[in-house]
Amino acid sequence: MYTVKETIVVEGTYDKIKLSGFIDSLIFTTNGFAVFKNKNAQKSLRTLAESTGIVILTDSDSAGIKIRNFVKQLTQSGRVLHAYIPEI
């Protein structure tokens, strides 16, 4: 099990389930594009970016890129790292 001090931000529940099998960290799901309208989720992401830092881990498809860019803009005042899942 790998311990990561930052919060991992993923797109969906399936991503969270897979990661939780080998990463010991808080894993936050955006529920896809739902994060665009969910003000509570947006506030949580800002808080997490400022307190623990976040690692955005999304697919390399157009949806993943849109979500990544939205979260990056939303959390500008916090610590944000990017991890990519390559498109195969």
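The model is predicted. Strand β2 spans residues 7–10 and pairs in the parallel sense with β4, and it also runs parallel to β5. The largest nonpolar core has twelve residues, including V9, while V10 belongs to a second, separate core.

**Strand β2 and its faces**
- T7 and V9 point one way from β2, whereas I8 and V10 point the other way.
- T7, I8, V9 and V10 are all buried.
- In a regular strand, side chains alternate between the two faces of the sheet.

**Strand pairing**
- Three bridges join β2 to β5, which covers residues 54–59.
- Within β5, V55 is the bridge partner of I8.
- Strand β4, residues 27–29, is paired with β2 over three bridges.
- I27 of β4 stands opposite I8.

**Largest nonpolar core**
- Its twelve residues are V9, F28, V35, A41, L45, L48, A49, I54, I56, I67, V71 and L74.
- Two or more residues come from each of α2 (39–51), β5 and α3 (62–74).
- Helix α2 gives the largest share of this core, with four residues.
- A41 is in contact with F28 and V35, leaving aside neighbours within four places in sequence.

**Second core**
- This separate core has seven residues, among them V10, L19, I27 and L57.
- In soluble globular proteins, nonpolar side chains tend to be buried together.
- V9 and V10 point opposite ways from β2; V9 is part of the largest core, and V10 is part of the second one.

Key. Residues are numbered from 1 along each chain as its sequence is written. This is a predicted model: local features need pLDDT of at least 70, side-chain atom pairs count only at pLDDT 80 or more; totals for chains, interfaces and linings use all residues. Side-chain values use heavy atoms; hydrogens and water are left out. Buried means under 20% relative accessible area, exposed over 50%, partly exposed in between (1.4 Å probe, protein chains only). Two strands pair if DSSP finds at least two bridges between them. A nonpolar core is a set of buried Ala, Val, Leu, Ile, Met, Phe, Trp, Tyr and Cys residues joined through side-chain atoms within 4.5 Å. Contact means heavy atoms within 4.5 Å.
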